[in-house]
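Visitor: I'd like to learn how to read a model like this one. Could you walk me through it?

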Amino acid sequence: MRLFVHELRGELLLYVRSRELAFFTFLLPMIFFVLLGSTYGHDTVDGVKGSRFLEAGMIGYGAISIAFAGLAIVLVIRRETGVLKRLRATPLPAPAYIAALLSAFLTAFAVEVVGLVVLGRVLFGIGAPDRVVSLVLALLLGAVSFCGLGIGITSLIRSAEGASAVINAIYLPTSFLAGAFFSPHSFPAFLRWIADVLPLTYFLRLVRGIMLHGQEIWSQPGSVAAVAAWGVVGVLVAVRTFRWEPYEG
């Protein structure tokens, strides 16, 4: 536990000091929320105020941005630069390192959610969520699932230079197709079919059901099962393919 706490403190410090990582995974969803909320925040989207719809969407975007994209990029860079290999040779247990790394990214996501809720209250008059327990459980489920997918996807990326390009090519289109920025109901049928298999789609349905319609998490078993299933797939792939040694050099 002492090693875990020490490593967690170090991971949080590294996250804060990495300006590019902190901006693109932490601050960018907040910036999108302010800009887009100012554009159509007073309109109605799917029967609710646009800013409320967007707030839930930016929470989903923040989850995939931090827990999936940010984590995957960090792991690939550390693997290919030999950091993971050197850490594996230290007395720090591998489970403690992975747990500390995941906890750091989950903490960043939690802070971002609080920031989005505060921005929504201050700028757009959005009230605090009513179903707090269900929301916390849903956010934890989604963040952990995206962390599993983030670790699993690292086996497909063979170079540090290609990490950002590959991850951005995955999570940015996913965010648009799943409806993080606007309602996907007007999409062509083939795009909706693609969206129906994406984990972010079900996570957004779960979060919006809780935040916009006052539902409890257990009232959406299908969405819960879909998000959890994708997380299990990511964990299974990670267990079988995760590498501590670099592919190159």
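Guide: Let's start with contact, which means heavy atoms within 4.5 Å. Before we use it, note that this is a predicted model, where local features need pLDDT of at least 70, side-chain atom pairs count only at pLDDT 80 or more, and totals for chains, interfaces and linings use all residues. Residues are numbered from 1 along each chain as its sequence is written, and side-chain values use heavy atoms, with hydrogens and water left out.

Visitor: Which residues is Ser-145 in contact with, leaving aside neighbours within four places in sequence?

Guide: Val-227, Ala-228 and Gly-231. Ser-145 itself sits in helix 6, residues 132-153. Helices here are DSSP runs of H or I with at least four residues, strands are runs of E with at least two, and both are numbered from the N terminus.

Visitor: Is Ser-145 buried or exposed?

Guide: The scale goes by relative accessible area: buried is under 20%, exposed over 50%, and partly exposed in between, with a 1.4 Å probe and protein chains only. Ser-145 has 7%, so it counts as buried.

Visitor: And how does Leu-177 fall on that scale, buried or exposed?

Guide: Leu-177, in helix 7, counts as buried because its relative accessibility is 17%. Setting aside neighbours within four places in sequence, Leu-177 is in contact with Pro-184, Phe-187, Leu-191, Ile-194, Ala-195 and Leu-198. As for Val-227, Leu-177 is 50 residues away from it in sequence and 16 Å away in space, C-alpha to C-alpha.

Visitor: Let's zoom out. How many helices and strands are there in the protein?

Guide: There are 10 helices and two strands. Read from the N terminus, the order is α-α-β-β-α-α-α-α-α-α-α-α. Of the 249 residues, 51% are buried. Take the contacts with a separation of 6 or more: 79% of them join residues 24 or more positions apart.

Visitor: What does the radius of gyration tell me here?

Guide: The radius is taken over C-alpha atoms, and the globule rule is 2.2 Å times the number of residues to the power 0.38. For 249 residues, a compact globule would come out near 18 Å, and the protein agrees because its value is 18 Å. Its C-alpha trace spans about 55 × 40 × 35 Å along the principal axes.

Visitor: How do I look for empty space?

Guide: Rolling a probe the size of a water molecule over the atoms shows where empty space is left. On a 1 Å grid over the protein atoms alone, a cavity is a set of points where a 1.4 Å probe fits but cannot get out; a pocket is an open set with protein on both sides within 12 Å along at least five of seven lines, and lining residues have an atom within 4 Å of a point. Here the largest pocket holds about 430 Å³ of space. Of its 23 lining residues, Ser-18, Glu-20, Leu-21, Ile-73 and Val-74 are the closest to the centre.

Visitor: Which helix gives the largest share of that lining?

Guide: Helix 3, with eight residues.

Visitor: And how many cavities of 30 Å³ or more does the structure hold?

Guide: One. Its lining is made up of Leu-87, Arg-88, Thr-90, Leu-92, Pro-93, Ala-94, Tyr-97 and Trp-244. Helix 4 (83-88) and helix 5 are the elements that give two or more residues to this lining.

Note on methods:
Grid points are joined across faces, edges and corners, and a volume is the space filled by probe spheres set on the points.
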